[in-house]
Amino acid sequence: MSGRAQLMWDDAVTGYDFGDSHPMDPVRLVLTMSLVRAFGLDRAVDVVAAKPAGESTLRLVHRSDYVAAVRAASVDPDHADQNYGLGTTDDPAFAGMHEVSALIAGQSVAAAEAVWRGDTGHAVNFTGGLHHAMPGSAAGFCIYNDPALAIARLLELGAERVAYIDVDVHHGDGVQTAFWEDPRVLTVSLHEHPRTLFPQTGWPEETGAGAGAGGAVNVALPAGTGDAGWLRAFHAVVPELLADFRPQVLVTQHGADTHFEDPLAHLAVSLDAQRAVMAACHDLAHEYADGGRWVALGGGGYAVVDVVPRSWTHLVGIAAHAPIDPESVIPSSWRDEVYARTRQLGPARMTDGRTPSWKSWEEGYDPADRLDQAVLATRRAAFPLRGLLT
């Protein structure tokens, strides 16, 4: 297995652009890659541009009629078929939509292939993580579901156990749906409670069906959850599940929208806690996933200057085994670029000034605490189905 991580990047991914008024501004991708370069991380990884996902790959998850509808909307955006979730407020149609969506999906699929072949131990596609797209429709700013496609490709290549950990503030509903009855895939999502946030799914009682019963695990966090609660929930659920499942590959989604500055959600997590979970996922991959097979993806994140670039640059550094010290001063060249592109002042350091800590679940829980109630609900619903104690 190669000692260098792969970073999937093609400048053309910035064409994934729903328009000036849409919160998913592609400047977040441009600024992330610029910050990666500013810290010299592009020299610590192999930067790879993969081909777009082809028709047969897309159909591993998506229906052929849906792919045809995306193609049609890509050519004629004004006549996008809203029955497929296209041309809506969340997912406006735009020229070239199919091509750039397939390109992003292709980066995640290629990342999974490289990790499976042993070309690299870790592969990052921060442009991916578009976890809401369903087999037959777009949803939640997502056209093609690249995490599900990457997992499906791993299964096609012969993987028997793939674990997917999603820490985006929104429930990873599309990935869960794709593998709802598949015992080869374990999906774990930590997200804001469906009572208060799109897509209003991800209740702890959603645990999979048929042969896949117990294969879906959902932690629905109370609005306002901060670093200590978020980290407590992650460590109370994820390591034990991975120790039991022993995946051959770990796929993780790192939406940056859990952050307290994110304008579309209601958690209160810091950049420093996000970095701590990235490091934990890296360590868990080395401990449980065939010596470190890890595919790390981006996701949501709408504080496009202050949060997203810093968060995903930390992810690249961790995957490259060249982690950035949170106290590092951000190069002035990058801050100049931020101002030139956005007329905003960029952050000065790679930290929010927090020191994340949490109380271990093994130390006991408080039945009156809302965070602990959420964790306990998850463990009671899912763990027995996997033969684990609550």
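This is a predicted model: local features need pLDDT of at least 70, side-chain atom pairs count only at pLDDT 80 or more; totals for chains, interfaces and linings use all residues.
Trainee: Is β5 mostly covered or mostly open, counted by its buried residues?

Mentor: Strand β5 spans residues 185–192. A residue counts as buried when its relative accessible area is under 20%. By that count β5 is mostly covered, with buried residues numbering 8 of 8.

Trainee: Which residue in β6 stands opposite Thr187?

Mentor: Strand β6 covers residues 216–221 and runs parallel to β5, joined to β5 by 6 bridges. In β6, the residue opposite Thr187 is Ala216.

Trainee: Which strands are at the edges of the open sheet?

Mentor: The sheet has 8 strands with parallel pairing, in the order β2-β1-β3-β8-β7-β4-β5-β6. An edge strand here pairs on one side only. The edges are therefore β2 (46–48) and β6.

Trainee: How many degrees does the twist average from one strand to the next?

Mentor: The value refers to the open sheet of 8 strands. From one strand to the next, the twist averages 15 degrees.

Trainee: Which strands does helix α8 touch?

Mentor: Helix α8, residues 271–288, packs on the sheet, and its direction makes about 160 degrees with that of β8. The strands touched by α8 are β3 (122–125), β7 (249–253) and β8 (294–297).

Trainee: At what angle to β8 does helix α9 run?

Mentor: Helix α9 comprises residues 308–319 and lies across β1 (6–8), β3 and β8. Its angle to β8 is about 170 degrees.

Trainee: Are α1 and α10 roughly parallel or roughly antiparallel?

Mentor: Helix α1 (residues 27–38) and helix α10 (residues 332–342) pack with axes 10 Å apart, at an angle of about 165 degrees. The crossing of α1 past α10 is right-handed. The contact is made by residues including Val30 and Leu31 of α1 and Trp334 and Val338 of α10. Angles over 145 degrees count as roughly antiparallel, so α1 and α10 are roughly antiparallel.

Trainee: How does α3 stand to α4, oblique or roughly perpendicular?

Mentor: Helix α3 (residues 64–75) packs against helix α4 (residues 97–117) at about 125 degrees, with the axes 7 Å apart. Roughly perpendicular covers 65 to 115 degrees. The angle therefore makes α3 oblique to α4.

Trainee: Is Tyr302 buried or exposed?

Mentor: Tyr302 is placed in the loop between β8 and α9. Beyond four places away in sequence, Tyr302 touches residues including Pro23, Phe141 and Asp262. The cut-off for buried is under 20% relative accessible area. At 10% relative accessibility, Tyr302 therefore counts as buried.

Trainee: What distance separates the C-alpha atoms of Tyr302 and Asp25?

Mentor: Along the chain, Tyr302 and Asp25 are 277 residues apart. Their C-alpha atoms are separated by 7.7 Å.

Definitions and conventions:
Residues are numbered from 1 along each chain as its sequence is written. Side-chain values use heavy atoms; hydrogens and water are left out. Buried means under 20% relative accessible area, exposed over 50%, partly exposed in between (1.4 Å probe, protein chains only). Helices (H or I, at least four residues) and strands (E, at least two) are DSSP runs, numbered from the N terminus. Two strands pair if DSSP finds at least two bridges between them. Axes are lines fitted to C-alpha atoms, for helices over the stretch in contact, and angles run from 0 to 180 degrees between N-to-C directions. Angles under 35 degrees count as roughly parallel, over 145 as roughly antiparallel, 65 to 115 as roughly perpendicular and the rest as oblique. A crossing is left-handed if the near helix is turned anticlockwise from the far one by less than a right angle, and right-handed if clockwise. Contact means heavy atoms within 4.5 Å.
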